[in-house]
Amino acid sequence: MAEQTIQTCNRNFEKLITRLSDLDKNYNLTKIRSAYEFAREMHDGQFRESGEPYITHPLAVAGILVDLGMDTDAICAALLHDVVEDTDATYDDVKKQFGADVANLVDGVTKLDKINLASKEEQQAENIRKIFLSMAKDIRVIIIKLADRLHNMRTLGFRSGVKRRDVSLETMSIFVPLANRLGIRQLKEELEDISFSYLDPYAYAEIEQLLEKSKREREEFIETIKSRIRKRLAADFDPVPTVEGRVKSAYGIYKKVYEQGKTFDEIYDKYAVRVIVNTVTECYFVLGIMHDMFQPIPNRFKDYISTPKANMYQSLHTTVMGREGIPFEVQIRTWDMHHTAEFGIAAHWKYKEGRSGKYKFDERLNWVRQILDTQKESDDAEDIVRAIKNDLSPEDVFAMTPKGDVISLPQGATVIDFAYAIHTQVGHKMTGAKVDKKLVPFDYVIKTGEIIEIITSKDPSHGPKRDWLNICKTNEAKAKIRSWFKKERRDENIVEGRESLWRELRRNMIRITEEELQELVVVDMKHHGCETLDDFYAAIGYGGVTLSKIVPRLKEEYTKRTAEAEKTENFEFTPGVSKSASGVIVDGIDNCVVKLSQCCSPLPGDDIIGFITRGHGVSVHKKDCVNYLSQKDAEPDRWVPVRWAGKELPNYYKVALEVVGYNRIGIFSDVLASLSEARITTHEAAARVLKNGNFMASLTISVAGTAELEGVISRMKRVSGVLSVDRSAK
Ligand code: MN
């Protein structure tokens, strides 16, 4: 590139003015000239990395916009696009001199400049493309931004190698898809080719070489085909439709070669011939003629007229075989479709308003608003509206951190959601938020394009507020806030959770020890990420584990285990032995009902003996039970030896106790409290005053065995005032 001075810039600007005045458009040349002069003065003394005066850049961007057929204000904004960002000029200065329209365009481009493009993750690239589309209330902002990027790409050779690669990656992941979405083929292909040449210079050079080598024959080939088609069309058309020929872009060929594994010679649509007609009917008519002239290659016909691409592209595509045995693609389209294919959304300015000369400012802005704001149907804009709408999920808003990282949130999200979306700790430590540098309340609802700064506390104990749960919108933020409270209030939650779980177990007649419980809930613990039983209690206490969801399964599992324990006992260890849920084994008798007698309520560990009742199976008594002692000699044959099944059988046994103590106020409730602390189920409890003035409580409780009973008794004996605790016969 020849080095430019201010003088050459001025000369280039005059060339631009001449081009504009030659075009049939109502350009406001005075306004464009003063925008150029303003920008030149503001950028005075600034230089590009190429060493050229800075004004070469906005001037070149303006030139690209002229090629795209953009209007006066867009061209002015292109000339001024860097003044607010890089010079002392302000939004108000621009507005005062060039009007709100230009100022807003410049402002839009400046805002887009603040977005951090450094993240290459696909999701972030997608977010950035969306924020671009949604932030630019006026689609011209995007077109200016694309032109800006194109000129930066054209002059990328002046930057360092690393920078070239980074910028090329950004261009490929953000700007090429944007240009494609807006259907601006010219911008898209050039951006793609330049990025490609930096990203894979060897492949690019190879393709360039191949193209160069075959240039002569290629040109000859295309010329022959074109003239044959023209000759044939002349029979049916007057005037003869436009026939163009071209070779696919370097990147287009690269994609086919590398993505589809084809060799250079295998690429069918390396050559493309284009026929442009006036009506849709003529398109299909020409298609018939093409298939008559050349052999169509099967499965290569595409009707983008009846089914346009998302970016509004319309054409008929077919691949045919020439007489020389070289395949080529034929694209058939109307002029309208052609303009859309080349300029996409920019065609709206270039061909519709430009040609008609009806330059209605408000109408155009309305049209742009429709694209982004409403779904109102309107003639030709409808397709574009639909195409762009598809890209934006209206329920999303995009806001940025001061560093320019884009955060995507659902509509209605508040600054709290934003803070948690950045990082959990940013959320927990949040003390306030600034939107566009102004302090806002916690329930401030975020709008697209806002730059949000979260103010955080350095105090490590600072945490979220409970009412944030009602303010924030996203489940992510809510979950993180809940989890904070879960951790902070752990002790309380453990107590709460333990109590409610055991209450529920008792209600469901699930009688197990804590150890057995741990075994039973191991699945639920794992499912809820609990490592210890305390974690699990805490989760219940907090509400992270819902009892009504786990208890039915526990009950089922408990019943199953109990049944299995019996089976195992029967088949594998002691055949011919009977054992019921009472936990007592009657040697030598299979499958009989075993009941613990009510008179002495035996507990595992007690010495026991069985009595064969008439029709009610075996009744089990303690060996020191008065009934056994008094009757054992009367019917000695009916007494049979029995034994406890052993530790593996989870079971609970009712036992009656008598507690005697001084009759102080509160002694009864303290006795009961000692039971609930030990998580003992109480079935009956009654208290009275004895003749001697002492207090006596009669209790019926459930325990797993004598060992547990001992524990309960000694616990009760520690209650102040209690004198004795004894098992009692009923
Ligand atoms: Mn720029």
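This is a predicted model: local features need pLDDT of at least 70, side-chain atom pairs count only at pLDDT 80 or more; totals for chains, interfaces and linings use all residues.
Me: Let's start with the open sheet. What order do the 4 strands come in?
Reply: The order is E14-E16-E15-E17, and the pairing is mixed.

Me: Which strands stand at the edges?
Reply: Strand E14 (594–596) and strand E17 (639–640) do. Each has a single partner strand, so one side of each has no neighbour in the sheet.

Me: And how do E15 and E16 pair?
Reply: Strand E15 (residues 608–612) runs antiparallel to strand E16 (residues 618–622), over 5 bridges. Isoleucine 612 sits opposite valine 618 in E16.

Me: Switching to rings. How many aromatic pairs are there?
Reply: The structure has 16. One of them is tyrosine 304 with tyrosine 313, edge-to-face at 5.9 Å centre to centre and 75° between the planes.

Me: Are those two tyrosines buried or exposed?
Reply: Tyrosine 304 is buried, and tyrosine 313 is too.

Me: What about phenylalanine 668 and phenylalanine 695?
Reply: Their ring centres are 6.0 Å apart with the planes at 55°, so that pair is tilted. Phenylalanine 668 is in helix H29 (residues 667–677) and phenylalanine 695 is in strand E21 (residues 695–703), so the pair ties together parts 27 residues apart in sequence.

Me: Why does phenylalanine 695 count as buried?
Reply: Because its relative accessibility is 4%, under the 20% cut-off. Phenylalanine 668, at 25%, counts as partly exposed.

Me: Which residues make up the aromatic cluster?
Reply: Phe196, Tyr204, Tyr251 and Tyr254 form one.

Me: Last one: which ring faces do arginine 48 and arginine 466 lie over?
Reply: Arginine 48 is over tyrosine 54, at 6.0 Å from the ring centre. Arginine 466 is over phenylalanine 485, at 4.2 Å from the ring centre.

Definitions and conventions:
Residues are numbered from 1 along each chain as its sequence is written. Side-chain values use heavy atoms; hydrogens and water are left out. Two strands pair if DSSP finds at least two bridges between them. Helices (H or I, at least four residues) and strands (E, at least two) are DSSP runs, numbered from the N terminus. Rings of Phe, Tyr and Trp (its six-membered ring) pair if their centres lie within 6.5 Å; planes under 30 degrees apart count as stacked, over 60 as edge-to-face and the rest as tilted. Buried means under 20% relative accessible area, exposed over 50%, partly exposed in between (1.4 Å probe, protein chains only). A charge sits over a ring if NZ of Lys or CZ of Arg is within 6 Å of the ring centre and within 35 degrees of the ring normal.
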